[in-house]
Amino acid sequence: MPRIFRAFLTICLLTPAAVRGQSASSTAKAFFQAQTDKQWLAMADFVDSSSLRALRGIADKQIQGLSAMAKPEMRAKMDSMGATGMARTMEGIQAMVGPGSMLRFTFARVNDVTELQAMSDRELMGRWFEAKSFGYVLGLSGGMLKGMIATLPPPAGDVMQSTLDTFGSMKMKWEVVGEIAEGDSVAHVAFRIAGLTPPAPTGILTFRASGARWYIRFRNPDDQLGHLAALVMAAMQALRP
């Protein structure tokens, strides 16, 4: 068999996984390193384009919902239906965290609809990741927490403030503990926060292959990524002095 033909046949018979530059586990490690380093846009690079578009659709629906809630006729309708509690809850949250768009709870540092709509899909995903970080959530609720700390006696207030400062600046480190392949194009990667005794709870992140890379794909980001924040909070509880 001619050498050139053998080489061509070898290339054709390679599995997609063999052609790819790195494994799903290696991709996951790079993704979590970006989270540790608080590189939110770099994290967005691991999400495929269809999922970025799905997040844009979610943002558009959130804009529509907030716009509808702000209309007097909607408030009147809610009053007539006996659903005033929801509106009052939102007003209470707004009062606690201060002025600004409610969109910033989902997309970090977004001040208004115009700013959000001007963002690229990648930047929007980055803001979503940032909004789930403990440091951002802490800053968002800083006014409320300061009020709570002020009511505590000095020793307890000082300890609580020191703990919050430590958590706010902390960089979470992650470890990949396993990978389960589902055919050549899907891989489920098991991960957890590193350095805890006993070991931290484990999460699963699913990657799908596209060309030479592995990507995170979702219809709703909470389906795949929402549990990251829950694992961080669990680790905070374990690390609390």
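Thr-106 touches Gln-62, Arg-127, Trp-128, Ala-131 and Lys-132, leaving aside residues up to four places away in sequence; contact here means heavy atoms within 4.5 Å. The model is predicted, so local features need pLDDT of at least 70 and side-chain atom pairs count only at pLDDT 80 or more, while totals for chains, interfaces and linings use all residues. Residues are numbered from 1 along each chain as its sequence is written, and side-chain values use heavy atoms, with hydrogens and water left out. Thr-106 lies in the loop between helix 7 (84-97) and helix 8 (113-118). Helices (H or I, at least four residues) and strands (E, at least two) are DSSP runs, numbered from the N terminus. Thr-106 is buried, with a relative accessible area of 18%. Buried means under 20% relative accessible area, exposed means over 50%, and partly exposed lies in between (1.4 Å probe, protein chains only).

Lys-132 sits in the loop between helix 9 and helix 10. This lysine is partly exposed, at a relative accessible area of 31%. Besides Thr-106, Lys-132 touches Ala-229, again not counting residues up to four places away in sequence. Lys-132 and Ala-108 are 24 residues apart in sequence, and their C-alpha atoms are 8.4 Å apart in space. Arg-109 also belongs to the loop between helix 7 and helix 8. Its phi is positive, near 65°, in a residue other than glycine. Arg-109 is partly exposed, with a relative accessible area of 45%.

Helix 9 is mostly covered, with eight of its eleven residues buried. Among them are Met-125, Arg-127, Trp-128, Phe-129, Glu-130 and Ala-131. Met-125 touches Ala-44, Val-47, Leu-52, Leu-55, Phe-218 and Leu-225, not counting residues up to four places away in sequence. Met-125 is also one of the residues with the most contacts inside the largest nonpolar core, together with Phe-31, Phe-129, Trp-174, Ile-193 and Leu-225. That core has 47 residues. A nonpolar core is a set of buried Ala, Val, Leu, Ile, Met, Phe, Trp, Tyr and Cys residues joined through side-chain atoms within 4.5 Å. Helix 13 (residues 221-239) supplies the largest share of this core, six residues. In soluble globular proteins, nonpolar side chains tend to be buried together.

Helix 13 also gives the most to the lining of the largest pocket, with five residues. The pocket has a volume of about 270 Å³. On a 1 Å grid over the protein atoms alone, a pocket is an open set of points where a 1.4 Å probe fits, with protein on both sides within 12 Å along at least five of seven lines; lining residues have an atom within 4 Å of a point. Grid points are joined across faces, edges and corners, and the volume is the space filled by probe spheres set on the points. Of the 23 lining residues, Gln-35, Trp-40, Ser-133, Phe-134 and Val-232 are the closest to the centre. Helix 3 (24-36), helix 4 (40-44), helix 9 (121-131), helix 10 (134-140), helix 12 (154-169) and helix 13 each supply at least two lining residues. The lining divides into 15 nonpolar, five polar and three charged residues. Ala, Val, Leu, Ile, Met, Phe, Trp, Tyr, Cys and Pro count as nonpolar, Asp, Glu, Lys and Arg as charged, and the others, Gly among them, as polar. Lys-38 is found in the loop between helix 3 and helix 4. Its phi is near 60°, a positive value in a residue other than glycine.

Strand 1 (residues 174-182) and strand 2 (residues 186-193) run antiparallel and are joined by eight bridges. Two strands pair if DSSP finds at least two bridges between them. Gly-178 has Ala-190 of strand 2 as its bridge partner. Three residues lie between the strands of this hairpin, where Gly-183 takes a positive phi near 75°. Strand 3 (residues 203-210) and strand 4 (residues 213-216) pair in the antiparallel sense over four bridges. Trp-214 in strand 4 is the bridge partner of Ala-209. In their hairpin, with two residues between the strands, Gly-211 has a positive phi near 65°. Pro-198 lies in the loop between strand 2 and strand 3. The peptide bond from Thr-197 to Pro-198 is cis, with omega near -5°.
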